[in-house]
Amino acid sequence: MSINFKELANKYQTPYYVYDFDHITKQYEELKGAFRARKSLIAYAVKANSNLSVIKHLANLGAGADCVSIGEVKRALKVGIAPYKIIFSGVGKIDEEIRQALELDILMINVESDAELNRVELIAKELGKVARISIRVNPNIDPQTHPYISTGLHENKFGVDIDTAKRMYIQCKNSQNLDPVGIHCHIGSQLTQLQPIIESVKIITDLVRNLKAIKIELSFMDIGGGLGIVYKDEVLIDTKEYAQSVLDAMFKLDITVICEPGRFMVGNAGTFVTKVLYEKVNGNKRFVIVDGAMNDLIRPSLYNAYHRIEVLNDNQEFSDCNLVGPVCESGDFFAKNVQLPKTQHNDLVAIYSAGAYGFTMASNYNTRGRVAEIAYEKGIDRLIRKRETFEDIIALEEEFIK
Ligand SMILES: *Cc1c(COP(=O)(O)O)cnc(C)c1O
């Protein structure tokens, strides 16, 4: 069954995001199935798409949540993900977030520096609690992806080196308020090479063994997310091979594997649908101007990311153009130098693979309301987030006008 974008445009107006929930189910089952041989938890990386209905759908399938703010933790709890399936990651947690995470009794706080470990220890002590900790190791491995989404090199801000990690585990062991339960690494996003992942798993497996020798026994190995998807013609990591290689690299460690995919779950479930306003020619450059913009989907502007684009008309007369939005920035484009057919006012344009890091990165720039989000499941569509109105946008400012 394929989604009728025109029908949805009539019903909900444009622009909108639509997510195929059956695709999300398929992705989840595929990955969970690949790890069948072991105790595993698929902790969905909420930042990829944090719509409550999306998280709820994954919760129903059995997923946990990997969160990078207390807000995301609360979203996960809100839709019924059990605290023992929730991980809190991120390089810069504020005290209040740490406090709340401890009070909410989530599975573990993923610590990314020794300064942060000290903070967590202090706050746990104040609260009279024991903080379950995992430490994010930066294995210094090049994930061979876009530099903005690479996280596994020492030059990136994420995690700590092996020696620091080891010291931090010993600090945990000697603390009344810290309980080291896990180890974590996440080397980047949109990964299409298996080798760097395996090398990282080997590095952290070694550390887990060394820790075991000094009586620090971890229960969880979090191998991060980052599995790539097809935007254009990428050759992907086979999920069965991924799981098998990870389990092989861990050899006989008796430990629960946690995997934190974001993009993999939702990226290709989502389509951003916008409509043509005008065409124009400046000099000899053709522009197709649509009602969606960089504030709705920033990936092309931010990462020069490629999204497959289709104009939903029958015109066969293709020519080179830039597909752009109405926002006052030259960076406001969805594609440059792309072959698109001649368009007319109100023709729909589908921008595919927009389910991850699409809506979650949206803003109100140019006082544009964030767009509607729609779920499509078993042939039925339903609204899962209303289009923002002008009143919504000004709601937090209005009372302060003097
Ligand atoms: C963003 C992030 C993920 C998810 O990355 P994807 O590329 O979307 O799979 C997983 N773990 C951590 C710690 C992250 O920050």
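A salt bridge is counted here where a side-chain nitrogen of Lys or Arg lies within 4 Å of a carboxyl oxygen of Asp or Glu, and a search of the whole structure finds 16 of them. This is a predicted model, in which local features need pLDDT of at least 70, side-chain atom pairs count only at pLDDT 80 or more, and totals for chains, interfaces and linings use all residues. Residues are numbered from 1 along each chain as its sequence is written, and side-chain values use heavy atoms, with hydrogens and water left out.

Select Asp296 and Arg368 to begin, whose side chains meet in a salt bridge at 2.9 Å, N to O. This pair links distant parts of the chain, 72 residues apart, with Asp296 in the loop between strand E11 (285-290) and helix H11 (299-303) and Arg368 in the loop between strand E15 (348-351) and strand E16 (372-377); helices (H or I, at least four residues) and strands (E, at least two) are DSSP runs, numbered from the N terminus. Are these two residues buried or exposed? Asp296 is buried, at 1% relative accessibility, and Arg368 is buried as well, at 16%, where buried means under 20% relative accessible area, exposed over 50%, and partly exposed in between (1.4 Å probe, protein chains only).

Finally, select Glu279, Arg286 and Lys342, which are linked in a network of salt bridges.
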